[in-house]
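Welcome! Here is a short tour for anyone meeting this model for the first time. Have a look at the display, then read on.

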Amino acid sequence: MWPPYADTVRQAIAGDSRALTELLTLGHPRIVAFFLGLGLDLHSADDLAAETAEAIVKGISRLREPQAFEAWFWSIARNRLRNFYRRRRSARPTDAMISPATPEELSIEREEHRRILAALAQLSPRDRELLWLREVEGLDYEEIGGRLGSAIGTVRVAIHRARRRLEEIYQRDEAERPHL
Amino acid sequence: MGYLRVVVMSRNRPFEDLRSLGEFLRNRVADDESRRVAAAAVRRRRPQRTRAWVAIVVGTTVFAMANVALAQASDPAIPGQLLYPLDRAYEWLSDRFASHNRVPERVAEALELAEGGHTDRALLVVTEILGDDETLQAEVGGLAGSGSSPAVRDEVKDLVGAASSVREAAQSGDADALADAIDNVKEAAQDVAETASQGHAGGSDDNPSVTAPGQTSSPADTAPGRDPGSGGSGSQGGRGQGSSNP
């Protein structure tokens, strides 16, 4: 069940190991999918998901409102991702890009999944992140912007633009595809 | 009508495919693997709980002792007196908590300014968010004149987020989180500088009168339709950003 029940979150905040394990078990595939969808390789996505789980365990006792869990959960994942990008950049001044997991590595067979993955790769990391949280995870504007202090209007505009850019890429790719 | 339906379908398709991809990627993670990662993370928690208790006990004792001392230090101390450092510490704490309440407003302002291309002014607000950490302030202050390309704006927005985490961490009293947050601000500041240098630093489009001391800035080039002195409040639309997306 996702988002998790408020009772489960409350128990996890209170330190109940079983509730916390349940939350993380439910959240883990979502975090891995988020990292893969945003262009990480399989190994980095797994490592970062494990790091995110540890950060959630470490910080959950400070979460005051169980209702805010989902937004908080994603803010932890986003912070980990940003740290990851920064670490990569400082390790390689040439800004060498991470090789995203290929459709073959991900065992993707459906054509539309390959296409959307290729289209996502052409967006900026920020656009990918916003679209994923909005379209895949169904977060509302306030949840996406709230934790980082972004105004709802700013988030709405940014998502609108990201959607438009994805549509444009899709249409362009469609036009360039050979018709069978 | 048929045309409209085709257009609507084609417009929705990328998002349907995106949702479907999300589901597919989630399902490819085995339940056992998730349970293993969750259990491992929970197992590692225990020593930290012990540390947290030690921190609470020590913190409470120090706080109680400080309260007693502060009660005796109600009269302002002068340099050289025994209670002078305590008096200064009390002032520092008062200032810190008084300004902390305004952090969400400052964060929203900084983001609005960055979004509107006023990166120098956004950076000034960031230094305010950071409170009185002089090292970090210097780091951010040195970024004035980084320009306002879309890439720089995005990096400045990340910097705003990192700065607000510093305040959150400082308030929570979690030393590890604070150290992480400070590192993040430093890295975010480096990112701004790197991005600015990669995309040729051009001038700032902010008002030169607000440029940090010792910095040079290009002449004012305020976005059309924006009052240079109005800050970022209440402007969702009508931003003349000059970005690739009108």
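What share of the contacts in chain A with a separation of 6 or more is made by residues 24 or more positions apart? Such residues account for 68% of them, where contact means heavy atoms within 4.5 Å.

## Before we start

This is a predicted model, in which local features need pLDDT of at least 70 and side-chain atom pairs count only at pLDDT 80 or more, while totals for chains, interfaces and linings use all residues. Residues are numbered from 1 along each chain as its sequence is written, chains are lettered from A and ligands numbered from 1 in the order in which they are written, and side-chain values use heavy atoms, leaving out hydrogens and water.

## Chain A at a glance

Chain A has eight helices and zero strands. Helices (H or I, at least four residues) and strands (E, at least two) are DSSP runs, numbered from the N terminus. Of the 180 residues in chain A, 52% are buried, meaning under 20% relative accessible area with a 1.4 Å probe, counting protein chains only; exposed is over 50%, and partly exposed lies in between.

The accessible surface of chain A is about 8,500 Å², and carbon and sulfur atoms hold 50% of it. Accessible areas come from the Shrake-Rupley method with a 1.4 Å probe; for residues, only the protein chains shown count as cover.

## Nonpolar cores

A nonpolar core is a set of buried Ala, Val, Leu, Ile, Met, Phe, Trp, Tyr and Cys residues joined through side-chain atoms within 4.5 Å. The largest one has 64 residues, and A:L24, A:F34, A:F35, A:F69 and A:W132 have the most contacts inside it. Helix α2 (residues 17-37) of chain A gives this core its largest share, ten residues. Another core lies apart from it, with 29 residues, including B:V140, B:L159, B:V166 and B:V192.

Beyond its neighbours within four places in sequence, A:F34 touches A:W74, A:A77, A:R78, A:L81, A:E129, A:W132 and A:L133.

## A covered helix in chain B

In helix α6 (residues 119-129) of chain B, nine of eleven residues are buried, among them B:L123, B:V125 and B:I129. Their cover includes α5 (103-115), α7 (134-141) and α8 (150-172) of chain B. Just after α6(B), B:G131 has a positive phi of about 75°.

## Confidence in chain B

The mean pLDDT of chain B is 68, with 58% of its residues at 70 or more; pLDDT is the predictor's confidence in each residue, from 0 to 100. Over residues 200-246 of chain B the pLDDT is below 50, yet this stretch has 86 contacts in the model beyond near neighbours in sequence.
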